[in-house]
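This briefing concerns the pockets of the structure shown below and the residues that line them.

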Amino acid sequence: SMPVACLGLLVAWQAGKKGPNSRHMAFLAILFGVAWAANPWSMPPTLAGIALLLVAGPDRWFWPRGEGRTRWLAIAAVGIGGWLVTAPFHLGFKPFFQGIKTVFAWTDPGHLLLYAGCLLIPAGIAATALLWKLMDAEEVVKRAVILLAGAATLVLAAATGRPTLVFLAVISFVFVLAVLTRFAGVDRPVLALGALGTFLFLVPEVVYVADSYGDALHRMNTVFKAYIQAWILLAIALPVFLRVGLARKPFRWLVLGFAIVLALPHPLGLAVQQFKAESRGLDGMAWMTAGDRAIVKALRLEPNGTVVAEAVGGAYTEYARLSSASGVPAYLGWANHEGVWRGGEIHAETGRREELLSRIYSSRNPNEVRRLASEAGIHLIAIGSLEQKDYQAAALKTIAEAGEVILDQDGGMLVRFGAPDGL
């Protein structure tokens, strides 16, 4: 959804410079609707970003009166139009929503700097420069105010025990002040995006979208969804942060170099992994065993409606590999994700399916295997590397005897027990 959202921001920036017209609104409605349908988590930031760019003009902020009324109506049109563009999705999509709750854990400042220091440090420098610019006073007074504001921030951070929340709130507040005043000038649209990006880092310090991950990981899904969008927004604003925050070019290059160093661990890690890898290339299935790859290739030829059974394991592991690589739905994949998507009520069903798969892969009775596969609506049972690791060879041989072996290659086997209705 993020490439579509970024294109929407670009169009909104163009529309905000001279005022939105019908073509702008139509295009923005389509882009917003597609981004929303592709990832509902991107809906609030995308609409907020588009709205900010429409009302944060290069010469002034537009309130919903006078000339600004048209811009605010355009925001409403984009929001409603985006829903209408993808109405079939919204009418059929029934997300399980457990509510929004306040967090009881927060981000350590050191961890935040590791995750986003290359963006938040320039944002903090820019916020300091903007605060200086916002004050209409003598230089000695400005210095005193900056020092007092910094001291107050540190005291508040220490007193609350939540320094990350305090620092992000202060930066966001300064950006909002700058956007709403005349001092922002042509940088107003970008500073508005900077305020939104900083605010997204702030959100999981206050609230989280409840899910089934438990107390230890209660806000992790919210952190992930908020941070990935915050990174993009602050990356867009980074050049303006450097120009606003640092008047001298050598300082800009110094901070930029420092930010690049902070950002290097991930790309360098990826590069090192490539050199250490036993094989290189763009084959996304190179990590699989030859037998698993053979199963995936065979599954890709199956008609729509086919259901495959494979071994079940924990999330973020190699389990569910055959289904995800082929596109053929598994009878059960990562059970915990079903709980996140559908809520706690689904746990009884995922438990039942996991137990049924265990019986299929452990049975020594061909008739029982056929009966269980038929009752579950399973058309194909896969026997690959993980299945051979988790279950006994005699039980896997029973599966092969119970159905029709349609693939037996490189240690991978696919056994048919039926076909989708109508085939």
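The lining of the largest pocket comprises 29 nonpolar, seven polar and four charged residues. Here Ala, Val, Leu, Ile, Met, Phe, Trp, Tyr, Cys and Pro count as nonpolar, Asp, Glu, Lys and Arg as charged, and the others, Gly among them, as polar. The model is predicted: local features need pLDDT of at least 70 and side-chain atom pairs pLDDT 80 or more, while totals for chains, interfaces and linings use all residues. Residues are numbered from 1 along each chain as its sequence is written, and side-chain values use heavy atoms, without hydrogens or water.

**Largest pocket**
- Two or more lining residues come from each of α3 (43-55), α5 (87-92), α9 (188-202), β2 (207-209), α10 (220-245) and α15 (335-342); helices are DSSP runs of H or I with at least four residues, and strands are E runs of at least two, numbered from the N terminus.
- With seven residues, α10 gives the most to this lining.

**Second largest pocket**
- Fifteen residues line the second largest pocket, and Thr-128, Ala-149, Gly-150, Thr-153 and Val-170 are nearest its centre.
- α6 (109-134), α7 (139-160) and α8 (163-180) each give two or more residues to this lining, and α8 has the largest share, six residues.
- The lining of the second largest pocket holds 11 nonpolar, four polar and no charged residues.

Terms used:
On a 1 Å grid over the protein atoms alone, a cavity is a set of points where a 1.4 Å probe fits but cannot get out, and a pocket is an open set with protein on both sides within 12 Å along at least five of seven lines; lining residues have an atom within 4 Å of a point.
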